[in-house]
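Reader: I am new to this structure. Please show me how to read it, starting with a single pair of residues.

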Amino acid sequence: MLQGEDAYKFINDAKNNCIVLGGKCNKSCIFCSCLTQSKVGLKNWTDPIDKTDLQYAIDFIDNSMPIYFGEGVSFLSCEPFLHPKFLELFEEINNHFPQTVKRITTIGTDITRAHIDVLLKQNVEIFVSVNTLDKQWRSKLMKNDNYNNLIYILDVLEEKIKQINLFYLGDLDVLKKDLDRLYNINNNLLQKQILLRLIEYSKYSPSMVKKIHINSKKSWHAAIEYFDKNVSYPLYWIRELYNFPQTKMTKVSYGKFNIHTARNDFNIRIKKALSFVEDNLLDSAILLAESSYEYFINKYPEYKDIAIKVENKTFGGSYIATPLLTKNDILNAIITHKKYEYYIASSDIFSYNLRDLTRNKAIVDYPINLILVE
Ligand code: SF4
């Protein structure tokens, strides 16, 4: 049974409708962010939970919302089907919430026949991180693969699959073949939501991950062009507001994965920031993550002088999105631009009870006036 801080975090995740199953993953994916997170002092895994842990969590679940079974906010998702008591725990949650949809994210390689029999009978939505179906690439990216099993479950669990996640690895032919293979496994798979993303790297990642990312960026727009035409519900992991084709994503409206929604949210927030700036002209500056800085200065050139680009020195590499910034990154930016009285930033940086991702608390009044906009 979980103890101490792990038990506390587990229940906190349950309050967000997430049941963390815990355990350690044996896949050693070279892009896994576990390494990066542990380097900055985050404990991002916990022991495998047992039925008693789950029973404690039941009271905190809201049965009108989907239940995320396997992953949480406090702990990185581990591969849920590696949990030795997955079926017992899944049965328990289904007994309590038979009607509520259970969402499970998996890499699909370790789902057994016994799992399949149960999954087919329950109200589940499966998000499969296929990554790629190219065997050579898979052997470079992960260990302990079970390719044939993945192919099998993509077909047999097709009706339960809600979303498929793919990496763009810098080779358009690999992407084309991945989509062809999905179609050949089961032609309904191309009707699913399919998320395309780049592999991200931090300053702690193996050098190969950085190489893949940099190379993939060169043909990323061509990949989007192709993907948009050949997938019914294309989704993209939005890492940068500026460097994304303006014309894309008009037909789909899935929240954070839609570039228009992402830009729209940013513009609503920035208007609030600018209205504060208007009242405190000459005294205020806007702190912007690299993911939004270029977009901002192009859209609002008249405010370029008060825009401060905040580098992510905590994680480094391609970790440029706003929620991945930390208090230390903010302080570094402020120290190098000391002349302002007010600094405006997104509340997304301190979204855990005014704490950042590394659980450091924001300084909002003294000695710095930090204004966080929602
Ligand atoms: S399967 Fe997921 S948790 Fe396991 S190593 Fe790969 S990325 Fe990390």
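Author: This is a predicted model. Begin with Leu-287, whose bridge partner in β9 is Ile-308.

Reader: Which strands does that bridge belong to, and in what sense do they pair?

Author: Strands of a sheet pair through backbone hydrogen bonds, either parallel or antiparallel. Here strand β8, residues 284-289, pairs with strand β9, residues 307-310, in the parallel sense, over four bridges. Between the two, the chain passes through helix α12, residues 290-299, and this β-α-β crossover is right-handed.

Reader: What is the order of the strands in the sheet?

Author: The sheet is open and has four strands in the order β9-β8-β10-β11, with parallel pairing. Because β9 and β11 (369-373) stand at the edges with a single partner strand each, one side of each has no neighbour in the sheet. From one strand to the next, the twist averages 30°.

Reader: How many bridges join β10 and β11?

Author: Five bridges join strand β10, residues 342-346, to β11 in the parallel sense. In β11, Val-373 is the bridge partner of Ser-346.

Reader: Which strands does helix α13 touch?

Author: Helix α13, residues 327-335, packs on the sheet and touches β8, β9 and β10. Its direction makes about 135° with that of β9.

Reader: How is the chain divided into domains?

Author: The division gives domain 1 (4-238) and domain 2 (267-373). Their C-alpha centres lie 31 Å apart. Eleven residues of domain 1 are in contact with seven residues of domain 2. On the domain 1 side of that contact, three residues are nonpolar, five polar and three charged.

Key: Residues are numbered from 1 along each chain as its sequence is written. This is a predicted model: local features need pLDDT of at least 70, side-chain atom pairs count only at pLDDT 80 or more; totals for chains, interfaces and linings use all residues. Two strands pair if DSSP finds at least two bridges between them. A crossover is right-handed if, with the strands pointing away from the viewer, the path from the first strand over the helix to the second runs clockwise. Domain bounds come from an automatic or database domain assignment. Two residues are in contact if their C-beta atoms, placed from the backbone, lie within 7 Å. Ala, Val, Leu, Ile, Met, Phe, Trp, Tyr, Cys and Pro count as nonpolar, Asp, Glu, Lys and Arg as charged, and the others, Gly among them, as polar. Axes are lines fitted to C-alpha atoms, for helices over the stretch in contact, and angles run from 0 to 180 degrees between N-to-C directions.
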